[in-house]
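Me: I'd like to learn how to read a few features of a model. Can we start with a word I keep meeting, and then go through some cases?
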Amino acid sequence: MVEYYLDFEKPVYELERRISELKHMETEESGVDLTDDIQRLEKKLEKMRHEVYSKLGRWQRTLIARHPMRPYTLDFIDLLADRFVELHGDRSYADDKSIVAGVGTFMGEPLMIIGHQKGRNTKEKLMRNFGMSHPEGYRKALRLMKLAQQFHIPILTLVDTPGAFPGIEAEERGQAEAIARNLIEMADLTIPIVTVITGEGGSGGALALAVANRVLMMENSIYSVISPEGCAAILWKSQDYAKDAAEAMKVTASDSLELGIIDEIVPEPLGGAHRDYPAAAAAIGQAVKRHLEELGKLTPEELVEDRWRRFRKIGVFQGP
Amino acid sequence: MVSWFRRRSSRPERSDRRKVSVPEGLWIKCNNCGEIVYSREIERNLKVCPKCDYHFRITARERIDLLVDAGSFEEFDSSIESLDPLQFRDSQKYFDRIRTSKKKTGLTEAVVSGSCTIEGKRTILSVFDFFFMGGSMGSVVGEKVARAIERAIQDRCGLVIVSSSGGARMQEGALSLMQMAKTSAALAKLRRLHLPFISVLTDPTTGGVTASFAMLGDVILAEPKALIGFAGPRVIEQTIRQELPEGFQRSEFLLEHGMVDRIVNRKELKNTIAFLLDAFTRQ
Ligand SMILES: [Zn+2]
């Protein structure tokens, strides 16, 4: 793995490197006892980690949500599903590789897993279109959600997208219609749906997979109506104000919980999910299992009603 | 969202909204063909250019007058108003923007809802006003649209929504995004009862409004040459770094690509809606 750190993480990474150097010296050169030094630095590291990561600003969380080493949908599927068979295509136009979907087994039970997929290197990023879907991506997702309904399999969606792709062909093929269609059809599905926002919950492209009975956010993920850069370009007239826009739009998991937009925050390993994939996946797995068990007690009608009530009450206004 | 905003913000001093749609004065220049036309003639022509058929943007009140049987409109939910849940401020406070829009339009929010008759047919009607913060959808607009749908369900009648919107309202963050899900889920309930929803798209309809209830009409009608799309043209241009083809994201383009049912001239709009509502609600 290539080491990559964000600016504000730099002191943490530097201290980690010094400690590992000292440990290395100790084993290489016999007779040198550095135990005290190492212990002292490890204490310092512990404190520093806590200081850096316990009070992250909204923009810093945005950067962690977009961290190039952040686990993506296929990483989570690897760690969560006992087996996963990917299924492709919207049966109408194409297979959009910015969304992966398929049938898996999770804790022994079948589960339809659908999520945005970003790429790790340049070639992959292009293939995945940076996690920005075309209409056929949302239509593939919907096709497989209906397949899940057909065979009474619950659905887990993992959301990590900067937003729906803004392009000529996307518009020609009905980007708006594809998103809207998912919203109304997901509202009517008679099986349990759980959504976890794992990274970027970027506007309509995120919501198109997120009309669920339970919507969870990972601790360092974001959920927003427009990207901070897009908002800054419009309201501040420059993308340079993305940080201010992220603050103003209140994009973090705790903001979303406070606004009644999500149901729960899934804790991440200290420093972010990218520092410990298995721990991050395990936290998701636990939460998803609990919610699926609860939802499993509802009838098909109750599931539809539960989802309706969840979204019906969202909004802040005054008046009768 | 981007295109209208830029256009409007470049001339922030225009306080009289009538000037934005059809400038006062005897003669005005058409935005589309550039012809100088007698303003009375445009007014008489339902604010459509007699030379090129350009449909000027009109206010929610003008639109309602155009569509309903005279005196039949009974507004509801006009006293639901915006709060400022995020304490949002950019160069201006959100609250100040709201206040300015209220003053400018005489409305309490960007959508006006009511019950009415259209050629005698009882109908629930919601109309967007683009002059109120670009017709953007925040908590109040989402709530009013959801309630209009619920009213149609309660009254067992058809629903017409005339959209004109830059999309979701950024100043309410993800709360605005959630209104897309709320309104679409409400339409799922309407659909179960076989009650018709006619969606009318007018210039401009973009972003989160297009990507939710506006594209979910049982029938989708569009006014000629209206800008309709998901992403704003400037965002697309910046992303793909090439110029957009002529007529891109206009009503005619959407018709060609199978995204709307029909383009309807303003003069024919009421009659077309009435015909469809009648056909769908005989039984
Ligand atoms: Zn003209």
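Reply: Buried means under 20% relative accessible area, exposed over 50%, and partly exposed in between (1.4 Å probe, protein chains only). This is a predicted model, where local features need pLDDT of at least 70, side-chain atom pairs count only at pLDDT 80 or more, and totals for chains, interfaces and linings use all residues. Residues are numbered from 1 along each chain as its sequence is written, chains are lettered from A and ligands numbered from 1 in the order in which they are written, and side-chain values use heavy atoms, with hydrogens and water left out.

Me: How many aromatic pairs does the structure hold over all chains?
Reply: A pair of rings is described by the distance of the centres and the angle of the planes. Rings of Phe, Tyr and Trp (its six-membered ring) pair if their centres lie within 6.5 Å; planes under 30 degrees apart are stacked, over 60 edge-to-face, and the rest tilted. Over all chains there are 6 such pairs. One of them is Trp27(B) with Tyr38(B), tilted, at 5.2 Å centre to centre and 50° between the planes. Trp27(B) sits in strand 1 and Tyr38(B) in strand 2 of chain B, 11 residues apart. Strands here are DSSP runs (E, at least two residues), as helices are (H or I, at least four), numbered from the N terminus. Trp27(B) is exposed at 55%, and Tyr38(B) is partly exposed at 30%.

Me: Are Tyr54(B) and Phe56(B) buried or exposed?
Reply: Tyr54(B) is buried, with 13% relative accessible area, and Phe56(B) is buried too, with 1%. Their ring centres are 5.0 Å apart with planes at 80°, so this pair is edge-to-face.

Me: At what angle do helix 3 and helix 11 of chain A pack?
Reply: Two packed helices are described by the angle between their axes and the distance between the axes. Axes are lines fitted to C-alpha atoms, for helices over the stretch in contact, and angles run from 0 to 180 degrees between N-to-C directions. Helix 3 (residues 58–65) and helix 11 (residues 242–249) of chain A pack at about 105°, axes 8 Å apart. They are therefore roughly perpendicular (65 to 115 degrees; under 35 is roughly parallel, over 145 roughly antiparallel, the rest oblique).

Me: Where is Gln249(B) in chain B?
Reply: Gln249(B) lies in the loop between helix 9 (233–240) and helix 10 (251–256) of chain B. Its phi is near 65°, a positive value in a residue other than glycine, and Gln249(B) is buried at 1% relative accessibility.
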